[in-house]
Amino acid sequence: MNSTESFIDEVTLCVRAGNGGDGCVALHREKFVPRGGPSGGDGGRGGDVYLVAERNMSTLYDHRMRREICAEDGQPGASKNRTGRDGRDQEIRVPIGTVVYDLDSDAGESVVADLCRDRDRVRVARSGRGGRGNARFATATRQTPDFAERGQPGQIRNLRLSLRLLADVALVGFPNAGKSTLLRRISAAKPRVAAYPFTTLTPSLGVVEVGERRFVVADIPGLIEGASRGAGLGDRFLRHIERTRVLVHLLDAGSFALEEADLLERYATLRAELSAFEPALAERREIVVLSKTDLVADRGALDDIEAELKKSNRSVLRISAATGEGVPELLASMLGALDAALAEASA
């Protein structure tokens with residue numbers, strides 16, 4: 001199984017809570033008690049369906065073939081006023097960062113929950129109540145009722161689960177900008193690296209340690225012009241950038257040296273695509289990185305580009321993930337931008 005097949009970030013499910021058990025119709029039968037009266041017990045309630053965020057999961061792959069998930073029905077009541085057993089609840093484990101949408105909402109898709117912390121738990125289908133037995137309906141004038149309630153049906157809902165990765169920093173850029181190589185350099189993650197476009201087909205996460213500090217960096221598959229409208233890999237992975245606090249734009253300086261790309265034009269295109277997908281991304285803290293500088297023979301050729309980028313108050317760094325040049329400075333810059341973003345969020 002390859003990583004593309006195993007990384008599933010969107011599924012649809014039908015969930016059904018358990019039906020309540022029927023109430024029982026019974027009359028007490030005991031020696032020397034000729035008129036024992038009604039003794040039918042209540043039915044048990046059905047089981048609820050819950051979604052639970054689990055930090056050890058990173059994909060919705062386990063649910064790709066599950067079309068319906070049901071909780072257990074409640075058991076019917078019995079004679080001698082015995083209540084039926086309640087149905088067992090059904091828990092569905094999902095990755096942290098899963099957003100749950102109700103497909104049956106009158107107003108179109110509506111958000112049911114955003115499970116963004118470990119062990120977050122939400123009930124997505126409510127169980128049916130158990131029916132009352134005939135003993136419940138006995139009165140002074142109706143001493144032997146011969147009827148009972150039926151259990152109520154459990155709730156049925158159609159849901160869409162959409163995973164949005166939780167990361168502090170996102171690496172974005174055109175294909176082959178060096179994102180995966182950089183992630184391999186700064187963390188223990190092992191994304192695939194090769195010299196052709198769209199090598200990375202699924203997002204990768206890596207934990208970066210700087211001194212005693214740790215933060216999560218995401219490698220987002222390469223974006224191209226029109227990505228917000230579905231071009232290339234489309235907008236499938238753009239939503240994974242929405243939760244990140246800092247964006248690191250990688251521009252392939254090696255391609256510039258070979259006259260294969262205009263870095264300033266690529267940078268403007270990338271920002272336009274992010275803004276078209278979600279305007280708030282244009283205001284996110286960002287660091288611009290000129291990558292693959294080990295392939296540039298004349299470093300002075302990058303001075304004009306760096307000066308132009310700095311006119312917009314951008315933080316611009318030069319690195320080579322292959323040799324490690326400039327990587328410590330980049331990590332320090334990431335940490336500084338992350339601290340500033342956290343300070344703004346808590347202000």
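A residue is called buried under 20% relative accessible area, exposed over 50%, and partly exposed in between (1.4 Å probe, protein chains only). The structure is a predicted model, in which local features need pLDDT of at least 70 and side-chain atom pairs count only at pLDDT 80 or more, while totals for chains, interfaces and linings use all residues. Residues are numbered from 1 along each chain as its sequence is written, and side-chain values use heavy atoms, with hydrogens and water left out.

**Salt bridges: rule and count**

- Side chains of opposite charge can pair when their charged atoms come close.
- A salt bridge is counted here when a side-chain nitrogen of Lys or Arg lies within 4 Å of a carboxyl oxygen of Asp or Glu.
- The count by this rule is 28 salt bridges.

**Pairs between distant parts of the chain**

- D42 and R136 form a salt bridge through their side chains, with an N to O distance of 2.5 Å. D42 sits in the loop between β1 (10–16) and β2 (49–54), and R136 in the loop between β7 (121–125) and β8 (156–163), so that the pair links distant parts of the chain, 94 residues apart.
- Within this pair, D42 is buried at a relative accessible area of 13%, whereas R136 is exposed at 55%.
- E109 and R160 also meet in a salt bridge, at 2.7 Å from N to O. Because E109 belongs to the loop between β5 (98–102) and β6 (110–115) and R160 to strand β8, the pair ties together parts that are 51 residues apart in sequence.
- E109 is partly exposed, at 43% relative accessibility, while R160 is buried, at 16%.
- R285 and E344 form a further salt bridge, their closest N and O atoms being 2.6 Å apart. This pair links helix α6 (residues 327–346), which holds E344, to strand β13 (residues 285–291), which holds R285, across 59 residues.
- R285 is partly exposed, with 32% relative accessibility.

**Helix α2**

- In helix α2 (residues 179–186), the buried residues are K179, S180, L182, L183 and I186.
- Viewed down the axis of α2, these residues fall within an arc of 160°, and therefore line one face of the helix; the arc is that of the directions from the helix axis to the C-beta atoms.
- The buried residues of α2 pack against β9 (169–173), β10 (204–210), β11 (213–219), β12 (246–252) and α6, where contact means heavy atoms within 4.5 Å.

Conventions:
Helix = DSSP H or I, 4+ residues; strand = E, 2+ residues; numbered from the N terminus.
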